[in-house]
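User: Could you walk me through this model, one feature after another? I'd like the general idea each time, then the case here.

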Amino acid sequence: MFAVLSVVSAVFGIIAIGYAAGRQGYLSVDASRGIADFAFKIAIPALLFHTVVSAKFDGVAPAGVIASFFGAVGIIWLASIATTVLILGRAKTDQPSIAITATFGNTIMLGLPIGVSTFGEAALAPISAIIACHSPILLLAATLHAAATSEKGGSSVGAALMRVARQLAAQPIVVAILAALVCRIVGVPLPKPVLAMTEMLSRAGVPAALVSLGLSLAAFKVEGDMKTVGVMLLLKLLLMPAVAALLAVAFQLPPLSASVVIMMAALPAGANAYLFSSGSGRVVNAVSGAVALGTALSAISLTLILLALQVFVGP
């Protein structure tokens, strides 16, 4: 119990430092942007590259990990559509923004540090398997969903696919994972200095990402229709990890992989959900509220879920 509380308090403590620095103007806007750029263009890509190149996936069941996690994504996505129509009574054009907020977790800023700190370095293998597919699958689903529900005639699926492809190609994290996969498939041995360099950069990635998350939260506001915010929080923080747990059992995942899948499913919505919502101009205020409030509430929900995992799955 104390180990879990120590991990969660350390992670959210660093986030709080970033948040306070942003709110009080201790770090300038340029400095905040610089920290974010370093974290997500250099350090985190280096961490994921190093992990995918050197990780041992034996006993991880990566296919089961992906099936369990993204099976939960699909079920919650459909549930969000139903609740948008039947409970919230919102327009069909709001469905993609609500769906991506209910499923797109903060896998990098929160999932990486909490997963590694709680489950050890071995957790990097299943975590990287999820992260490798996370943005491509969810951004593609949201973009195609938006094209299907658009009120503008002639929305092109081909144009939507090209837009997603351009977005993914411009993400250093995606490029780093793809490069690492190529190295593994081809079997190219990397020089020790390269591995040492990526490992050193990796150590800076997690704290930089957490400070950057805190700085970014300073710009979010808890506003918008609170019923919509509440539905998205319920789907993301409670129902998605519950569904992921059932699927992890159904796919008979090893204990470590099952714990990682459930923990990753329980993460609050990430900034990409807000960016998608802003780009589409739908449910922007409510999504902003869900990102900010969800991150704060996850300090409690994640603690309870990690404690439950210790009891039912094991350390």
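This is a predicted model: local features need pLDDT of at least 70, side-chain atom pairs count only at pLDDT 80 or more; totals for chains, interfaces and linings use all residues.

User: Fine. Which residues have the most contacts inside the largest nonpolar core?

Analyst: A nonpolar core is a set of buried Ala, Val, Leu, Ile, Met, Phe, Trp, Tyr and Cys residues joined through side-chain atoms within 4.5 Å. "Buried" means under 20% relative accessible area, "exposed" over 50%, and "partly exposed" in between, using a 1.4 Å probe and protein chains only. Here the largest core has 86 residues, and Ile 44, Phe 69, Leu 110, Leu 112 and Met 264 have the most contacts inside it. Helix α10 (residues 226-250) gives the most to this core, namely 11 residues. Helices are DSSP runs (H or I, at least four residues), numbered from the N terminus. Apart from this core lies another of five residues, including Val 52, Ala 176, Ala 180 and Cys 183.

User: And what is Leu 112 in contact with?

Analyst: Contact means heavy atoms within 4.5 Å. Leaving aside neighbours within four places in sequence, Leu 112 touches Ile 44, Leu 47, Leu 48, Thr 107, Leu 124, Ile 127 and Ile 131.

User: How do I read a helix pair, say α2 and α5?

Analyst: Two packed helices are described by the angle between their axes and the distance between the axes. The axes are lines fitted to C-alpha atoms, for helices over the stretch in contact, and angles run from 0 to 180 degrees between N-to-C directions. In this model, α2 (residues 29-54) packs on α5 (residues 107-119) at about 40 degrees, with the axes 12 Å apart. That makes α2 oblique to α5; angles under 35 degrees count as roughly parallel, over 145 as roughly antiparallel, 65 to 115 as roughly perpendicular and the rest as oblique.
On the α2 side, Phe 40, Ile 44, Leu 47 and Leu 48 make the contact, and on the α5 side Ile 108, Met 109 and Leu 112 do. By type, the residues of this contact are seven nonpolar, no polar and no charged.

User: At what angle do α11 and α13 cross?

Analyst: The axes of α11 (residues 255-265) and α13 (residues 284-312) cross at roughly 165 degrees and come within 10 Å, so the two helices are roughly antiparallel to each other. Ser 259, Ile 262 and Met 263 of α11 meet Leu 302, Ile 305, Leu 306 and Leu 309 of α13. This contact divides into six nonpolar residues, one polar and no charged.

User: Is Ser 259 buried or exposed?

Analyst: Ser 259 counts as buried, at 2% relative accessibility. Beyond four places in sequence, Ser 259 is in contact with Phe 119, Leu 309 and Val 313.

User: Last one: what is phi at Gln 252 and Val 283?

Analyst: Gln 252 has a positive phi of about 55 degrees although it is not a glycine. This residue lies in the loop between α10 and α11 and is exposed, with a relative accessible area of 71%. Val 283 also has a positive phi, near 55 degrees. Val 283 lies in the loop between α12 (271-280) and α13, and is buried at 8%.

Technical notes: Residues are numbered from 1 along each chain as its sequence is written. Side-chain values use heavy atoms; hydrogens and water are left out. Ala, Val, Leu, Ile, Met, Phe, Trp, Tyr, Cys and Pro count as nonpolar, Asp, Glu, Lys and Arg as charged, and the others, Gly among them, as polar.
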